[in-house]
Amino acid sequence: MELRQLRYFVTVAEEGNFTRAAARLHLAQPGLSAQIRQLERELGQPLLDRGGRTVTLTEVGAAVLPHAWAALAATDRVAGVVAEFTGLLRGHVRVGLISGAAGEEFDVAAVLAAFHTDHPAVAISLVEDTSERMLAALDRGELDIAVVGLTGAESGAGLGAQIVLDTPVVAAVAAGDPELGDSVALAELRDRPLICLPRGSGVRGVLELACAAAGFEPQVAFEAAAPPLLLRLAAHGLGVAVVPGLTGSEAAAHGVRVVPIERPALRGRLALVWRTDRTPAPATKVLLGQLRLALGNGSSDSEQ
């Protein structure tokens with residue numbers, strides 16, 4: 001068994017397709033297929049099910065995949081340790097970011113650009129996804145660092161978190177909406193159509209957990225990943241938007257009125273997260289430090 005065969009297997013598993021995997025690896029597809037079959041012969045079990053249009057993992061393949069990831073990560077760490085002694089960082093850092101978080105307040109792009117200038121031999125990849133899926137990717141070793149929304153129910157042991165934003169979660173309604181007063185109890189939203197961020201996002205998770213504790217399920221009529229779109233929908237009277245806190249000028253600019261949610265008050269927390277139960281590659285360690293400095297104004301740390 002060779003490390004390159006494990007890398008080929010992992011790439012096919014991630015792409016779900018031999019053609020895409022071969023292109024990503026800069027290999028001819030027949031050669032890639034031959035290497036995977038050789039690995040399967042050495043192990044004595046098929047790792048991939050090639051029966052459909054999409055290549056899927058067999059039961060054995062699914063069990064082997066985490067160990068293949070771990071072996072490749074260990075190899076990268078060995079190379080990184082050597083690179084530290086030569087003063088040149090190498091490797092690949094994978095960063096996750098929730099949609100809409102990369103604004104002026106959280107200029108992640110500027111941090112990545114500065115890091116790339118200082119360490120051009122390090123490859124950086126950036127993906128946008130829901131908080132729930134990125135936390136799962138961190139757990140599986142598919143991401144190194146992520147900026148996510150927390151719900152308070154995260155249970156992953158070995159997760160380091162630096163809170164970079166802590167804001168009330170509020171209701172936003174059309175400016176002329178007569179049904180909600182100056183504040184609203186969560187229970188009063190039981191029968192109102194709600195406009196929310198997608199399932200798996202931090203604020204949506206906070207809302208769902210609070211509603212479950214109050215004994216009801218929120219009636220989500222519209223959902224979108226971009227908070228400004230939620231506000232536009234609310235401004236047209238299509239429901240009550242549940243969003244991170246707004247200033248009065250922001251609300252007025254979108255044609256909505258902010259109504260604080262009380263009994264209970266809800267909080268939305270944005271956090272920079274990483275694994276603390278694994279030794280990070282040197283490049284990951286350096287980029288994490290730079291992100292913590294850039295996003296750390298007034299923040300706090302925790303370890304779960």
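User: Which element gives the most to the lining of the largest pocket?

Analyst: Helix H4 does, with nine residues. In this predicted model, H4 runs over residues 59-86. Other elements that each give two or more residues include helix H1 (3-15), strand E3 (91-97) and helix H10 (282-295).

User: What makes a residue part of that lining?

Analyst: A lining residue has an atom within 4 Å of a point of the pocket. For the largest pocket 45 residues count as lining, and Ala73, Arg94, Gly141, Glu142 and Asp144 lie nearest its centre. The space in the pocket comes to about 1300 Å³.

User: How do you know which domains the lining draws on?

Analyst: At least three of its residues come from each of domain 1 (3-62) and domain 2 (73-164 + 269-295). The chain also has a domain 3 (167-267), and the C-alpha centres of domain 1 and domain 3 lie 46 Å apart.

User: What does the UniProt record say about residues 1-58?

Analyst: The unreviewed UniProt entry annotates residues 1-58 as "domain: HTH lysR-type". In the model that span is 62% helix and 7% strand, with its end C-alpha atoms 19 Å apart.

Methods:
Residues numbered from 1 in each chain as written. Predicted model: local features only at pLDDT ≥ 70, side-chain atom pairs only at ≥ 80, totals over all residues. Heavy atoms only, no water. UniProt positions renumbered as here; feature names shortened; annotations may be inferred. Helix = DSSP H or I, 4+ residues; strand = E, 2+ residues; numbered from the N terminus. 1 Å grid on protein atoms, 1.4 Å probe; cavity = no way out; pocket = protein on both sides within 12 Å on 5 of 7 lines; lining within 4 Å. Points joined across faces, edges and corners; volume = space filled by probe spheres on them. Domains from an automatic or database assignment.
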